[in-house]
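Please look through the report below with the sequence and the structure side by side.

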Amino acid sequence: PSNSGITPEPVIEVTKIARPVRVPTTGGGVAFTVEVINASANEAVLLEELIDDVHGNLSGRGNCGTISAASPLEIAARSVHQCTFEETISGPTGSLERDTITAYGEGKDTGESVLGFDEAAVIFTAVPLDIAVSKTASPKLAEPGALVSFTIDIANNNGFTVDVIALTDSVFGDLNGAGSCTTPLTIAANTSAQCE
């Protein structure tokens with residue numbers, strides 16, 4: 001028997017890649033790259049919709065071009081359409097943003113519907129705190145039993161507010177209530193706080 005009268009149905013495959021796959025919990029930019037592969041042997045596919053279930057319709061986003069049922073994007077047989085869009089995302093430490101991109105279209109000649117999808121995940125990681133603590137004695141040299149004043153400087157080098165919940169000295173112990181030192185202490189982004 002001959003297969004000459006049978007036209008294979010159009011087929012698409014979708015690949016989605018997120019870069020980077022880890023983002024600090026405070027947020028960061030992620031580039032999502034999408035590939036729509038026309039796996040058809042000889043029929044072009046008309047791509048009518050490209051939808052991300054988290055970030056929405058990708059028509060006109062990044063370099064994805066304008067895609068609609070009225071103005072579909074034609075992908076030749078055995079060809080790939082690739083585009084990238086960027087998003088700034090954030091979330092709780094250890095959680096994932098898992099999103100799926102779905103491509104809808106039809107065969108240019110047969111009008112047969114095609115559908116393909118793929119997902120990518122980004123994990124949110126804890127942000128290491130960048131704080132610097134210095135302790136200065138005045139006077140630096142003193143007789144035994146003399147009164148010495150210690151200045152504590154805490155620099156918050158982060159782009160976000162930090163709460164200091166305890167301040168402990170290896171010799172004098174908990175400094176809460178000692179001199180002008182009190183905890184908890186809130187230090188705004190890229191600033192410092194002092195106590196004596």
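## Aromatic pairs

How many aromatic pairs does the count come to? The model is a predicted one, and in it the count comes to 2 aromatic pairs. One of them is formed by Phe32 and Phe85, whose ring centres are 5.3 Å apart and whose planes are at 25 degrees, an arrangement that is stacked; planes count as stacked when they are under 30 degrees apart. Phe32 belongs to strand β3 (residues 28–38) and Phe85 to strand β7 (residues 80–89), so this pair ties together parts of the chain that are 53 residues apart in sequence. Phe32 counts as buried, with a relative accessibility of 0%, and Phe85 is buried as well, at 1%.

The rings of Phe150 and Phe172 also pair, with 5.6 Å between their centres and 50 degrees between their planes, so this pair is tilted. Because Phe150 lies in strand β11 (residues 149–156) and Phe172 in the loop between β13 (168–169) and β14 (173–174), the pair ties together parts that are 22 residues apart in sequence.

Strands of a sheet pair through backbone hydrogen bonds, in either a parallel or an antiparallel way. Between β10 and β11, which run antiparallel, there are 8 bridges, and Lys135 stands opposite Ile152 in β11.

## Disulfides

Which cysteines are joined by disulfides? A search of the whole structure finds 2 disulfides. Cys64 is joined to Cys83, with 2.2 Å from S to S, and this link is right-handed, with 80 degrees about the S-S bond. Cys64 lies in the loop between β5 (56–57) and β6 (73–75), while Cys83 lies in strand β7, so the pair ties together parts that are 19 residues apart in sequence. Both Cys64 and Cys83 are buried.

The other link joins Cys181 to Cys195, with 2.0 Å from S to S, and its torsion about the S-S bond is about 85 degrees, so this disulfide is right-handed. Distant parts of the chain are linked here, for Cys181 is in the loop between β14 and β15 (185–187) and Cys195 is in strand β16, 14 residues apart. Cys181 counts as buried at 3% relative accessibility, and Cys195 counts as buried at 9%. When the bonded cysteines of the chain are numbered in sequence order, the pairing reads 1-2, 3-4.

## Confidence of the prediction

The mean pLDDT of the chain is 91, and 96% of its residues reach 70 or more. Where pLDDT is low, the predicted coordinates should not be read in detail.

Technical notes. Residues are numbered from 1 along each chain as its sequence is written. This is a predicted model: local features need pLDDT of at least 70, side-chain atom pairs count only at pLDDT 80 or more; totals for chains, interfaces and linings use all residues. Side-chain values use heavy atoms; hydrogens and water are left out. Rings of Phe, Tyr and Trp (its six-membered ring) pair if their centres lie within 6.5 Å; planes under 30 degrees apart count as stacked, over 60 as edge-to-face and the rest as tilted. Helices (H or I, at least four residues) and strands (E, at least two) are DSSP runs, numbered from the N terminus. Buried means under 20% relative accessible area, exposed over 50%, partly exposed in between (1.4 Å probe, protein chains only). pLDDT is the predictor's confidence in each residue, from 0 to 100. Two strands pair if DSSP finds at least two bridges between them. A disulfide is a pair of cysteine sulfur atoms within 2.5 Å.
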